[in-house]
Amino acid sequence: MQSVPTPLLAFVVAIAMALPLASRAQAPGASPPGMPAWDSLTRQQREILVAPLRDRWDASPGKRPEMLQRAERWQQMTPEQRRQGRQGMQRWKDMSPEARHQMRALHGALRELPDAERAALRERWKAMAPEQRRAWVAAHPPRDAHGATAARARDPR
Amino acid sequence: MTTDPQAATAFDRHARALHAAAIEQVPTRALHQLRMRRRAAAPAPARVPARIRGWSVATACAAVFAVAVGVRMVPSEAPVAVMAAAGAPSSATTAALADDPIDAVASLDEDPDFYLWLASSDAQLLALE
């Protein structure tokens, strides 16, 4: 009687050993049940996720250069800067339209001043009453990316 | 003692001639038996045992099967290179563009440095609210 296993039996044994390895060769991100990592999404799923950005791009031809410039700036940031930027975005979302208008104006003015004058404006601003701040913003309206005066409270919310 | 090439060649030729003459003197039956014994004494060519051949075939088939199963488990659409060519966000951009697609769009509404400033303690002190 032959004690050596037949090739068929050996094949079955090898398959039994290979199947666990094949099943482990799924998405390398080992994400929990639900959606996989970006690289494992189908083309259709990625299209769905990118759709809002594509719609905004197509809807605003005049803003495409600055959109691209801002995306490039995000990429240049360090991970810590991006985290802080997202934090700033959240604060922006929580601001009223008037507060947004004022912060835009203030940031625009501060950015253009030398250090000493910048510090002085900060101190003045802190000391201003709400009415005084509104008057200051009316006199120093925020500018858009092209340098033109931005319309007040035109926020996409 | 010096070796003369011409003498060596002549000697070699003479020795071969003597050997050929001697071979002709040996009976044919004896020559045949000598050949048979020479073949029997030579090492046999290596042959793969049947069981090792069987394992090799089985392993090869299993490997092909495992690859086929693995290929079927990989999504058929959009390898990374295709999406990169189509202009899909890089990992850095997706990390920058916040937690959902709407935030990703909002991140491009304002200057990223403005968002940075808003997160600073300076801006918090200056904020109206």
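Modeller: This is a predicted model. In it, the axes of helix α3 (residues 64–76) of chain A and α7(B) come within 9 Å and cross at roughly 55°.

Biologist: Why are α3(A) and α7(B) called oblique to each other?

Modeller: Angles under 35 degrees would count as roughly parallel, and 65 to 115 as roughly perpendicular. The crossing angle is roughly 55°, and α3(A) and α7(B) are therefore oblique.

Biologist: Which residues make the contact?

Modeller: From α3(A) come R70(A), R73(A) and W74(A), and from α7(B) come P112(B), D113(B) and Y115(B). These residues divide into three nonpolar, no polar and three charged.

Biologist: How are F114(B) and W117(B) placed along helix α7 of chain B?

Modeller: They are separated by about one helical turn, because they lie three residues apart in that helix, which spans residues 112–119.

Biologist: How do you know whether F114(B) and W117(B) are buried or exposed?

Modeller: Buried means under 20% relative accessible area. F114(B) has 3% and W117(B) has 12%, so both are buried.

Biologist: Which residues do ring pairs link into a cluster?

Modeller: The cluster consists of W74(A), W92(A), F114(B), Y115(B) and W117(B). Over all chains, a search of the whole structure finds five aromatic pairs.

Terms used. Residues are numbered from 1 along each chain as its sequence is written. Chains are lettered from A and ligands numbered from 1 in the order in which they are written. This is a predicted model: local features need pLDDT of at least 70, side-chain atom pairs count only at pLDDT 80 or more; totals for chains, interfaces and linings use all residues. Side-chain values use heavy atoms; hydrogens and water are left out. Rings of Phe, Tyr and Trp (its six-membered ring) pair if their centres lie within 6.5 Å; planes under 30 degrees apart count as stacked, over 60 as edge-to-face and the rest as tilted. Helices (H or I, at least four residues) and strands (E, at least two) are DSSP runs, numbered from the N terminus. Buried means under 20% relative accessible area, exposed over 50%, partly exposed in between (1.4 Å probe, protein chains only). Axes are lines fitted to C-alpha atoms, for helices over the stretch in contact, and angles run from 0 to 180 degrees between N-to-C directions. Angles under 35 degrees count as roughly parallel, over 145 as roughly antiparallel, 65 to 115 as roughly perpendicular and the rest as oblique. Contact means heavy atoms within 4.5 Å. Ala, Val, Leu, Ile, Met, Phe, Trp, Tyr, Cys and Pro count as nonpolar, Asp, Glu, Lys and Arg as charged, and the others, Gly among them, as polar.
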